[in-house]
Amino acid sequence: TAFNNDPAFGCGMHDFAGSGVVHMTGGITALIAAKVLGPRIGRFHDADGNLLPEPHSFPPHSVALQVLGTFILWFGWYGFNPGS
């Protein structure tokens, strides 16, 4: 904390807003979720569960949906940051 004589074990870092904890929690949660969900069905194994000789390629994603997602994140970022 800011009131400790040896802040953050001597490294001199003060995380006043708690962003380190927030981002670490989100990263660990995403890592656990990715491990639980696993790869896409049909990516590395066929319908019978046999390993494919090489990973299956998926068609490209929709560019329109990528742009829409970017604008949604951008709008949310601008909505969150001025308020915090």
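Phenylalanine 71 and tryptophan 74 lie 3 residues apart in helix H2, so about one helical turn separates them. Helices here are DSSP runs of H or I with at least four residues, strands are runs of E with at least two, and both are numbered from the N terminus. The model is predicted: local features need pLDDT of at least 70, side-chain atom pairs count only at pLDDT 80 or more, and totals for chains, interfaces and linings use all residues. Residues are numbered from 1 along each chain as its sequence is written, and side-chain values use heavy atoms, with hydrogens and water left out.

The protein chain contains 2 helices and 0 strands. Of its 84 residues, 2% count as buried. Buried means under 20% relative accessible area, exposed means over 50%, and partly exposed lies in between (1.4 Å probe, protein chains only). The chain exposes about 7,800 Å², and carbon and sulfur atoms supply 69% of that area. Accessible areas come from the Shrake-Rupley method with a 1.4 Å probe; for residues, only the protein chains shown count as cover.

Helix H1 spans residues 19-37. Its 19 residues reach 27 Å from first C-alpha to last, close to the 27 Å expected at 1.5 Å a residue. The expected span is 1.5 Å times one less than the number of residues. Glycine 38 follows H1 and has a positive phi, near 75°.

Helix H2 covers residues 63-80. It has 18 residues and reaches 26 Å between its first and last C-alpha, close to the expected 26 Å. Of these 18 residues, the number buried is 0, so H2 lies largely in the open. Serine 62 caps the N-terminal end of H2, with a side-chain oxygen 3.4 Å from the backbone nitrogen of alanine 64. Valine 63 is found in H2. Valine 63 is exposed, at 56% relative accessible area.

The structure holds 3 aromatic pairs. One of them joins phenylalanine 71 and tryptophan 74, which are tilted, at 5.7 Å centre to centre and 45° between the planes. Rings of Phe, Tyr and Trp (its six-membered ring) pair if their centres lie within 6.5 Å; planes under 30 degrees apart count as stacked, over 60 as edge-to-face and the rest as tilted. Phenylalanine 71 is partly exposed, at 46% relative accessible area. Tryptophan 74 is also partly exposed, at 47%. The ring centres of tryptophan 77 and tyrosine 78 lie 5.0 Å apart with planes at 75°, so this pair is edge-to-face. Tyrosine 78 is partly exposed, at 46% relative accessibility. Phe71, Trp74, Trp77 and Tyr78 form one aromatic cluster.

Note on methods
Polar contact = N/O pair within 3.5 Å; in protein donor to acceptor, adjacent residues only side chain to side chain.
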